[in-house]
Amino acid sequence: MSIPALLDHVVIAGPDLAALVDWFAERTGVVAAPGGAHPTGTANALVALTVDGRRGPHYIELIGPDPDRAEPEVPATFGIHALTAPHVQAYAVHPADIEATVATARAGGYDPGDVSDLSRRTPDGTLLEWRLTRGEDRRIDVPFLIDWGTTPQPGLSDIPTIELVSLVRTEPDPAPLREILAAFGLGGGVAEVVAGEEPGFRLTLRRAGGDLVEL
């Protein structure tokens, strides 16, 4: 199985956050912990990922429209406005130097976008701040880059866990995406791209009882 060495988190989005949390719990047996709300009109819930039974700086983010958002429009973040059901939409990696990785990618022919500041508050009011690449034309098949700075990485917080078995990207023609990913210069830090009939992410998790579930 394949796990990106620099994986930060996997994004599963849906048109309704509460329904998304229920959907995930039905399939995995794990109820995600409330994360908080974003200024973008979204809110999330989190599940930490273990690898070979060990905790690390990686997690699953379930994200949907914030039910308490000020604007009635459904946010476009991660394509939520176009979704009718939960879907594995994206993933993030945490390189050692986010600016250097952006520069390397641009020199290699792919622009991941500028590095921007984002934040959210946890249910207890704690402010979390981070930096990430979020270009307007960001492709969901290419990982975005993230840097947590001095903020504790959410995957190491006191939240429920599930075992990560693999994360791969399937493409009918893997070559173009492999070329883009190579531009980052991160080697095995990003998800493996494999041939498949339909483009999309294949996320495999192991339930507490040992059964595998593919999302």
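pLDDT is the predictor's confidence in each residue, on a scale from 0 to 100. This is a predicted model, in which local features need pLDDT of at least 70 and side-chain atom pairs count only at pLDDT 80 or more, while totals for chains, interfaces and linings use all residues. Residues are numbered from 1 along each chain as its sequence is written, and side-chain values use heavy atoms, with hydrogens and water left out.

**Figure 1. The whole protein and its confidence.** The mean pLDDT of the protein is 93, and 98% of its residues reach 70 or more. The protein has three helices and twelve strands; helices (H or I, at least four residues) and strands (E, at least two) are DSSP runs, numbered from the N terminus. The radius of gyration (taken over C-alpha atoms) is 16 Å, close to the 17 Å that the globule rule gives for 215 residues, so the protein is as compact as a globular protein of that length. The globule rule is 2.2 Å times the number of residues to the power 0.38.

**Figure 2. The largest nonpolar core.** A nonpolar core is a set of buried Ala, Val, Leu, Ile, Met, Phe, Trp, Tyr and Cys residues joined through side-chain atoms within 4.5 Å. Buried means under 20% relative accessible area, exposed over 50%, and partly exposed in between (1.4 Å probe, protein chains only). The largest core has 42 residues, and those with the most contacts inside it are I12, F24, I60, L62, L203, L205 and L215. Helix α1 gives the most to this core, with five residues. A second, separate core of 20 residues includes A48, L118, I146 and I159. In the whole protein, buried residues make up 51% of the 215 residues.

**Figure 3. The surroundings of I12.** Contact means heavy atoms within 4.5 Å. Which residues does I12 contact, leaving aside its neighbours within four places in sequence? They are L20, W23, F24, I60, E61, L62, I63, H87, V88, L203 and L215.

**Figure 4. H9 in strand β1.** H9 lies in strand β1 (residues 7-13) and is buried, with a relative accessible area of 3%. Its side chain makes a polar contact with the side chain of Y59 (3.5 Å). A polar contact is a pair of N or O atoms within 3.5 Å; within protein, one must be able to donate a hydrogen and the other to accept it, and residues adjacent in sequence count only if both atoms are side-chain atoms. Apart from neighbours within four places in sequence, H9 is in contact with Y59, E61, Y91, A92, F144 and I146.

**Figure 5. Two loop residues with positive phi.** D52 has a positive phi of about 55° although it is not a glycine. D52 lies in the loop between β3 (42-51) and β4 (54-65). Is D52 buried or exposed? With a relative accessible area of 60%, D52 is exposed. F78, also not a glycine, has a positive phi of about 55°. F78 sits in the loop between β4 and β5 (87-93) and counts as buried, at 12% relative accessibility.

**Figure 6. T101 in helix α2.** T101 is part of helix α2 (residues 98-107) and counts as buried at 6% relative accessibility. T101 and L145 are 44 residues apart in sequence and 8.4 Å apart in space, C-alpha to C-alpha. Leaving aside neighbours within four places in sequence, T101 is in contact with P95, L145, F184 and L186.
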